[in-house]
Amino acid sequence: MKNLFIVANWKSNMTKIEAKDWLLDFSVGKLPDSLKVIVLPPFTLLDNLNGYIRINDIPIELGSQNVSPFENGAYTGEISATQIAEFASYVLIGHSERRINFNETNEMVNKKIEESVKVGLKPIVCVSNIDQVKDLINGDFIIAYEPLGAIGTGKAEDPLVVSSIVKQIKEQKDLKVIYGGSVNADNLKEYIDILEIEGVLIGGKSLNASSLLSIIKNAI
Ligand code: PGA
């Protein structure tokens, strides 16, 4: 059985109370070693969730949804890799919502990868086309392929198209690749059965613990 990453991107959702309810609903027991569940909450919840999942031995790892391209210092409003590493082991970088809404460039994406790797955070770097892959620096990270038309639309990309693009991505960078874009419990298998794909990035369907649990169940 190949190793799989199930990455849950909560985006700009969830209050402390809602996250607590989510965790109470997320009764998963033990997961196989081949499956890693990574939750990406907003920064505001990282500390609290980190404490809760450790005390209650919940098989989840945490990541942030963004990171500053700079070190600690005079960068008002930014959160540095060092600060994130206190609570999380992963960091999502270059999501298309950041590239589009916050003008995040390939250069910034690369700086964020560098800052993260420096402190031992594992980057999950989002790309929506092969050109974005070509512009990435070399390094050890996971690539999340997320075609723009599939994100949040309920229209997941044709698995045959995904398979061909992921092959091209791996020719450029010999790294782990996961797929994201309208993944749900019913279509999950179509993506994780693709030889080159090692997991999924889930947005909408991760906001409800029971729908994420159905996805996890189908991945086992
Ligand atoms: P979605 O989001 O699952 O809601 O399509 C995926 C993502 O944006 O990471």
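Visitor: How do the residues lining the largest pocket divide into nonpolar, polar and charged?
Guide: They divide into 8 nonpolar, 9 polar and 4 charged. In this scheme Ala, Val, Leu, Ile, Met, Phe, Trp, Tyr, Cys and Pro are nonpolar, Asp, Glu, Lys and Arg are charged, and the others, Gly among them, are polar. Before going on: this is a predicted model, where local features need pLDDT of at least 70 and side-chain atom pairs pLDDT 80 or more, while totals for chains, interfaces and linings use all residues. Numbering runs from 1 along each chain as its sequence is written, and side-chain values use heavy atoms, with hydrogens and water left out.

Visitor: How much space lies in the largest pocket, and which residues are closest to its centre?
Guide: About 430 Å³. Of its 21 lining residues, Ser-12, Gln-65, Asn-66, Arg-98 and Phe-102 are the closest to the centre. The largest share of the lining, 3 residues, comes from H4. Helices (H or I, at least four residues) and strands (E, at least two) are DSSP runs numbered from the N terminus.

Visitor: What makes something a cavity and not a pocket?
Guide: On a 1 Å grid over the protein atoms alone, a cavity is a set of points where a 1.4 Å probe fits but cannot get out, whereas a pocket is an open set with protein on both sides within 12 Å along at least five of seven lines; lining residues have an atom within 4 Å of a point. Points are joined across faces, edges and corners, and the volume is the space filled by probe spheres set on them. The search of the whole structure finds 1 cavity of 30 Å³ or more. The largest cavity has a volume of about 30 Å³, and H4 and E5 are the elements that give two or more residues to its lining. Among the lining residues are His-95, Arg-99, Cys-126, Glu-146 and Ile-151. The lining divides into 3 nonpolar, 5 polar and 2 charged.

Visitor: Why is His-95 called buried?
Guide: Buried means under 20% relative accessible area, exposed over 50%, and partly exposed in between (1.4 Å probe, protein chains only). His-95 has 4%, so it is buried. His-95 lies in the loop between E4 and H4. Leaving out residues up to four places away in sequence, His-95 touches Asn-9, Lys-11, Cys-126, Glu-146 and Ile-151, where contact means heavy atoms within 4.5 Å.

Visitor: What makes the phi of Met-14 worth a comment?
Guide: Most residues other than glycine have a negative phi. Met-14 has a positive one, near 90°, in the loop between E1 and H1. Ser-182 also has a positive phi, near 55°, and lies in the loop between E7 and H8.

Visitor: And why does Ser-182 count as buried?
Guide: Its relative accessibility is 17%, so it falls under the cut-off. Tyr-52, in helix H2, has 18% and is therefore buried. Tyr-52 is in contact with Lys-20, Leu-23, Leu-24 and Ile-58, leaving aside neighbours within four places in sequence.
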